[in-house]
Amino acid sequence: MKSNKPGQVRLRADDGMAQDSDNVTKRPRETKEADAADGGAAEPSVVLQAFQQYADKLTAKHDRHERLVKVSRDITIQSKRVISNLQRLQSDKQRAVKVAEAQGQLAAIHKLFAKMASELSGVDPNVYARAVSPGVQEFVEAATFCEFIATGQLASLEQINSDIGAEGFSVSVRDYLLGVTDLTGELMRLCITSVGSPSFSPDTGARICAFCQTLSAAYGLIVHTYGKEMSKKMEVLKQSLKKIENACYLFKVRGSELPAGGLADALKADT
């Protein structure tokens with residue numbers, strides 16, 4: 001058996017097999033790279049297209065929700081300004097002026113409802129009910145407060161929707177009822193102001209008290225219809241009614257005993 005010369009390397013059979021195995025392992029890698037290159041140019045699968053459509057729908061839904069929340073906040077801010085303006089009523093002589101100012105402010109809010117209606121066009125409004133509910137309830141409170149100061153009556157749901165006049169949008173029964181419960185808090189403040197001031201009619205407090213008592217009796221029949229939110233608001237309604245009754249009682253029993261201006265201070269102390 002001849003020995004190998006210096007500098008020569010003897011190739012064994014298993015060396016060739018190793019080279020072949022290396023080539024075998026390289027081919028799948030090259031094949032995968034080629035397949036990846038071909039797959040990048042190919043159209044997405046049906047599943048990927050479906051998920052992309054779902055993602056687009058969810059994005060559109062979230063964007064619409066955020067826009068509606070913003071509109072609802074704007075309505076809330078403007079409605080609070082209406083209520084604040086009406087609470088500055090200091091005498092019956094200012095009633096017509098304050099009501100006119102409030103009606104002008106409410107008309108400006110109606111434009112925001114038109115914007116809300118355009119966002120809800122073509123979709124189920126119940127999906128976005130929670131997004132718009134806070135603003136709608138605040139508006140109902142402002143509109144009914146203005147109507148009470150103007151006429152002494154409660155504005156109906158049909159009247160409010162007619163005044164808004166936004167095609168494709170209407171205040172729901174739920175938001176109307178929840179908004180009216182908040183009205184009693186504003187009436188309680190008005191009662192304290194009017195009962196303790198000679199600038200108002202002497203029967204103003206009694207009319208507010210009778211109105212809130214009627215509301216409390218009516219809401220007692222539906223308090224469990226709209227869940228925890230209605231129950232919480234009903235508790236606030238009862239507290240406001242109690243303060244109104246105490247104010248009317250104090251005015252009737254001790255009104256003549258107190259000096260001028262003393263009745264208002266006593267009412268604020270008791271409430």
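**Exercise 1.** With which residue does Arg189 form a salt bridge?

*Solution.* In this predicted model, the partner of Arg189 is Glu186, with the closest N and O atoms 3.4 Å apart. Next, locate the pair: both residues belong to helix H6 (residues 173-195), and being three residues apart they are separated by about one helical turn. Elsewhere, salt bridges with shared partners join Arg174, Asp175 and Glu229 into one network.

**Exercise 2.** Determine which parts of the chain the salt bridge between Lys80 and Glu138 ties together.

*Solution.* The closest N and O atoms of Lys80 and Glu138 are 3.6 Å apart, and the two form a salt bridge. Lys80 lies in helix H2 and Glu138 in helix H4 (residues 129-151), so the pair ties together parts 58 residues apart in sequence.

**Exercise 3.** Classify Glu119 as buried or exposed, and identify its contacts beyond four places in sequence.

*Solution.* Glu119 is placed in helix H3 (residues 95-120). Its relative accessible area is 15%; because buried means under 20%, Glu119 is buried. Leaving aside neighbours within four places in sequence, Glu119 contacts Arg64, Arg67 and Leu68.

**Exercise 4.** Describe the secondary structure and burial of the protein chain.

*Solution.* The chain has nine helices and zero strands. Of its 271 residues, 36% count as buried.

How values were computed: Residues numbered from 1 in each chain as written. Predicted model: local features only at pLDDT ≥ 70, side-chain atom pairs only at ≥ 80, totals over all residues. Heavy atoms only, no water. Helix = DSSP H or I, 4+ residues; strand = E, 2+ residues; numbered from the N terminus. Buried < 20%, exposed > 50% of the residue type's maximum accessible area, 1.4 Å probe, protein only. Contact = heavy atoms within 4.5 Å. Salt bridge = Lys/Arg side-chain N within 4 Å of Asp/Glu carboxyl O.
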